[in-house]
Amino acid sequence: MEKVTFTRLQDGTAEEYAFLEPLEEQYCHEVVDRLFEHLRKLDDSLGGYQVSRLEHCLQSATRALRAGEDDDMIVGALLHDIGDILAPCNHDELAAAIVRPYLREEITWIVQYHATFQKFYYADKMGGDKNARNRFTGHPYFDACVRFCEDYDENCFDGSYNSMKLEEFRPYMERVFSRKPWDQANIKPHTDVTRG
Ligand SMILES: [Fe+2]
Ligand SMILES: [Fe+2]
């Protein structure tokens, strides 16, 4: 079979769906290539800063890696701004949707709300609310998100930082995106209260 014959999903046969299933699995696995392709586009995005958004992401992931963080945090750092091109008004939500089936819940939460927490470092200078993050006060991941912004985000606009190359992150990406999606063993809530 090269193609199914149905034109409405309801008319597909079990045989046709058995034919489609491995194609879908293969397509899911190749998401790493598509993510890399999209990350490269960030080299030509928002201007005016010392570094491109791609370099910012590389700096973020490099700092996480050099600090000894795990695969989840490194991949979360690399992808946290990948939504910039297609969702400039809610880039954090788009990135979180991409990582949610694979990363532990704490990192997905950080990715989803980093833009709100990041405001602490600049929003007052643009007439905004630097304390926007306070609406999450008491949340178990609050401190972790503060730490992410402090260590791997707000400080990653340095034109002289020696970042790793994008391809050097391929093994980390491959490991994470070859996980079984939505596996509770990976995406489960963080229970270490000492780190919040
Ligand atoms: Fe961001
Ligand atoms: Fe960022």
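This is a predicted model: local features need pLDDT of at least 70, side-chain atom pairs count only at pLDDT 80 or more; totals for chains, interfaces and linings use all residues.
A residue counts as buried when its relative accessible area is under 20%. By that criterion D81 is buried, because its relative accessible area is 4%.

| Metal | Donor residues (atoms) | Distances |
|---|---|---|
| iron ion (ligand 1) | D81 (OD), H91 (NE2), H114 (NE2) | 2.0 to 2.1 Å |
| iron ion (ligand 2) | H56 (NE2), H80 (NE2), D81 (OD), D153 (OD) | 2.1 to 2.2 Å |

**The iron ion (ligand 1).** Along the sequence, the donor residues of this ion follow the spacing D-x9-H-x22-H. Its two histidines come from separate helices: H91 lies in helix α5 (residues 91–99) and H114 in helix α6 (residues 105–118), so the pair ties together parts that are 23 residues apart in sequence. H91 and H114 are both buried.

**The iron ion (ligand 2).** For this ion the donor residues are spaced H-x23-H-D-x71-D in the sequence. Here D81 and D153 link distant parts of the chain, 72 residues apart. D81 is in the loop between α4 (71–79) and α5, while D153 is in the loop between α7 (142–152) and α8 (170–177). D153 has a relative accessibility of 1% and therefore counts as buried. The site of the iron ion (ligand 2) is irregular, with angles of 82 to 171° among its 4 donor atoms.

Notes:
Residues are numbered from 1 along each chain as its sequence is written. Chains are lettered from A and ligands numbered from 1 in the order in which they are written. Side-chain values use heavy atoms; hydrogens and water are left out. Donors are N, O and S atoms within 2.8 Å of the metal (3.2 Å for Na, K and Ca); water is not among the atoms, so sites may look incomplete. Helices (H or I, at least four residues) and strands (E, at least two) are DSSP runs, numbered from the N terminus. Buried means under 20% relative accessible area, exposed over 50%, partly exposed in between (1.4 Å probe, protein chains only). Four donors count as tetrahedral if all angles lie between 85 and 135 degrees; four count as square planar and six as octahedral if opposite donors are over 155 degrees apart and all others between 65 and 115; anything else is irregular.
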